[in-house]
Structures are given as C-alpha cells and as structure tokens.
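Have the sequence and the 3D view ready.

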Amino acid sequence: MDRFDYENFNFDDAFESVQSEIKKPNILICGATGVGKSTLIRDLFRMGEAEGPEIGKQGRSKTAGIHAYSPEGAGITLYDSQGYNIGADENKFMKDILGVIEKKVRENPEDMSGHIHEVWYCVSAANNRFFDADKKMILEIQKKYSIPVMVILTKVDCADEEGISCLKEAILDKIPGIPIFTYACDEKTADWDEEIKKRYVQKEEITEWALMHLDESLRAGFIPSIKKSLQMKRKFISGKVIPKYAALAAGTVVATSFISVPFTDSVPLMAMQVKMSYEIINGYGIRTEKQQMVANLLGTSAVSALGRTLATSLVKVIPVAGNVINATVNSTVAASITATLGFAIAIVCEQYLAACVDNNGAENLPFAEYMDSDRLKEVFKYVNTHRNEFNIMEITKIAVKNSRKPEA
C-alpha cells in the first residue's frame, strides 16, 4: 500500500509534480495528402491557435515533414505527418513514418513511455479507395513494431452510405480485423440529422479506442487533452483518481498511527486533499492559479465539520474498543471525507466548464475565482447527502480494507 509523504509536502512542489508525474502518450497521425489530418487534430484536441498544425485548403497539405505538437499544459504529444501523393512518393512517405517510429525506439530502448504508442491512419472517404501503399504501411507498423493502428475514414461528408460501406469492406478485405471509424468536421456536418451524425461522425468512438489501447500509465495525459470528453474525464476521475486518494488517506492513518478523533483537521489529510484537487482539476483540463485555489480549499470549514460528524456517528456503531476503534474510525472518516471532497471538486470543475461556454471562454472566468469557498461548501454538502449516487461507501470500504497493516 502506497503512503502519502505529507512530512515533505509543499504546495508548489505538489502542483508541479502532478504535471511531471503524467507520462505523455505519443500518437502518430498519418495518411495521404489532403485527407484532413490537421483538421482532425484541431477538432479533437485542445490547443491554441499557435500550438497546432495549420489547416490546408482546397486539398493542399500545409504540413511539411513530420511535426510534433505538445500544447502548453497538455499531457500528450501528437505527430502530424506530411501526406504522400499517390504514385509519386509512397516510398519516401513510408521511410519517413517508419523512421520516426524507429528513432523513438532507438532513443528510448528501455523506456516504453518514449515510444510511439498509437498510429491513427487517415483515409479519405471522398477518394473511395484504399491504396496498396496504405496497406503496406499499416502492415509494416503492426508487424515490425506491434503498435496499435486504427483507420479513420475522413471526409465522410463527401461520400454516400454505400460508398463508405464499400470502402470499409475493401479495407477489411486487405487487413482483416483492423478497427475502422468514420469522421467529418463539425463545419461540414452542421445541418446533418442527429442520428446520421452520430453514426458517421465517430469522435467518441475514436477517442474511446485510443484510450483503451493506451497503457494505464498514459491515460492521465490523454484524457485532459481531448475536447468535449466530459464523460471520459468523469469516468477516469471517479474510477481512478478519487479512489486512489481515498486509499492514501486511509493508509496514512494506519501508517502514522494517528488515532485522535477526528483525523479530518490533520495536516497530512489536508495536504493530501490539496494534491488530489490539483489532479482532479488537471484531469478536467483546467488551468488555474494554485495560490487562490488552495486558500479557497483550506478555507472550506464544511470539510472538518462533516469529518467530526462522521467520526462521532461511527464511534457509536463500530463494535470495537480502545485505540483500535479510534484507528478504524479515523481511517474510515479520512477515506470518506477525501472521496466526498473529490467528487465535490469534480462537480465544481464540470459546472465551471459549462459556465465557460456561457461566458465565452475560460479567459473571462478564472477558475480560482469560480471555485470559491461558498460554492465548494454548497457542492460538498450536496455530495454528502447523495453519497449512494457517488458510490462513496464502497470506495471507503475498499480503501480501509487495503490500508490495514499486514499481520506479522
């Protein structure tokens, strides 16, 4: 069981460590010239005007060579490749793409986090053809490097349903089992029927496949980098981040022998909650000023008040005596209060993202001002009165069970 190093905790260092601990997935996006790779990158990933590829017009590629893009504050690196012209430079294209993959392997022979982790191979549905060069490239990547590859049929707005279906069949005939998704940008599909759009603009399916084929250690970087992936972010925060810190909270009680009731006012727990908050906020892709956020978080007296209430009620129902009861109460309270706070922070983050839409962007609504003590208290109380909905008791139960010291 991991222990939280509260004795050496520093708010500034913790803020930076949340960023530095994230391993960046490296995703290579390639295909022929003019298939819309740069548009796909701009559409799916969070980046500023100066941080991503320039989008070409009238079928002309704007990307020369292979460019790596890692937007400020993002936990991902995207490799956008220059396309190839059919019948002209397929060999050079293959040499360049395989060269990038090989270089990453050579530079990081023992560190898989430095390799290319996925390849997104784009094929234009408008062309309605899957060329031998495409097949050769994908098979070479799969065979030589064992990298997951998916095919994305772009520009489906320029094809009919029969054409898309035939193209899929042609691809699967040449590469059986290859995952295939369809895509067109919002600008081209704005007037589509919602059912048709859901069927053929498969942004969620693309990002879900990408997430599932990344190693667990790389997912924390990928999720915040995706636009409009609220469900994916929520699932990651509630399933991974909050349970991790609930377990750390319970484990710290056991490891440090803190047995005074309640544990909720202790420095170790507050430090842990601050770092958890950093990680949740980062998971939602929100950039904030840490100083004001910490002040608002530590000024939320509802956290300690709830902790005292929980401790008092648990003392009455746990049938154990002496220090054991206090330790059990405190580990339970510590895990429960940390999970409750985690979900409260998550809700505030989601409310903030919605508010940013109404206020025309985050630049007009600083997060540190939005997440004030009053708002956090209100949401904290809501989560506490809806604990079953957030599965807090189960998270707490698992955290306390895993925190117990092994018998000698």
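Helix 4 covers residues 132–145, and its 14 residues at 1.5 Å each should span 20 Å, which agrees with the 20 Å between its end C-alpha atoms. The expected span is 1.5 Å times one less than the number of residues. Helices (H or I, at least four residues) and strands (E, at least two) are DSSP runs, numbered from the N terminus. This is a predicted model, in which local features need pLDDT of at least 70 and side-chain atom pairs count only at pLDDT 80 or more, while totals for chains, interfaces and linings use all residues. Residues are numbered from 1 along each chain as its sequence is written, and side-chain values use heavy atoms, leaving out hydrogens and water.

Which residues of helix 4 are buried? They are Ala-133, Asp-134, Met-137, Ile-138, Ile-141 and Tyr-145. Seen down the axis of helix 4, these buried residues fall within an arc of 130°, so they line one face; the arc is that of the directions from the helix axis to the C-beta atoms. Buried means under 20% relative accessible area, exposed over 50%, and partly exposed in between (1.4 Å probe, protein chains only). On the face turned away from the buried side sit the exposed residues Asp-132, Lys-143 and Lys-144.

## Neighbours of helix 4

The buried residues of helix 4 pack against helix 3 (90–107), strand 4 (118–124) and strand 5 (149–154).

## A buried histidine

His-115 is found in the loop between helix 3 and strand 4. Its relative accessibility is 9%, so His-115 counts as buried. Leaving aside residues up to four places away in sequence, His-115 touches Asn-26, Lys-104, Val-105 and Asn-108 (contact means heavy atoms within 4.5 Å).

## Salt bridges

How many salt bridges does the structure hold? There are 11, each a side-chain nitrogen of Lys or Arg within 4 Å of a carboxyl oxygen of Asp or Glu. One of them joins Lys-103 and Glu-107 (3.9 Å, N to O). Being four residues apart in helix 3, Lys-103 and Glu-107 are separated by about one helical turn.

Glu-161 and Arg-199 also meet in a salt bridge (3.3 Å, N to O). This pair links distant parts of the chain, with Glu-161 in helix 5 and Arg-199 in helix 7, 38 residues apart. Finally, a network of salt bridges links Asp-43, Asp-186, Lys-197 and Lys-203.
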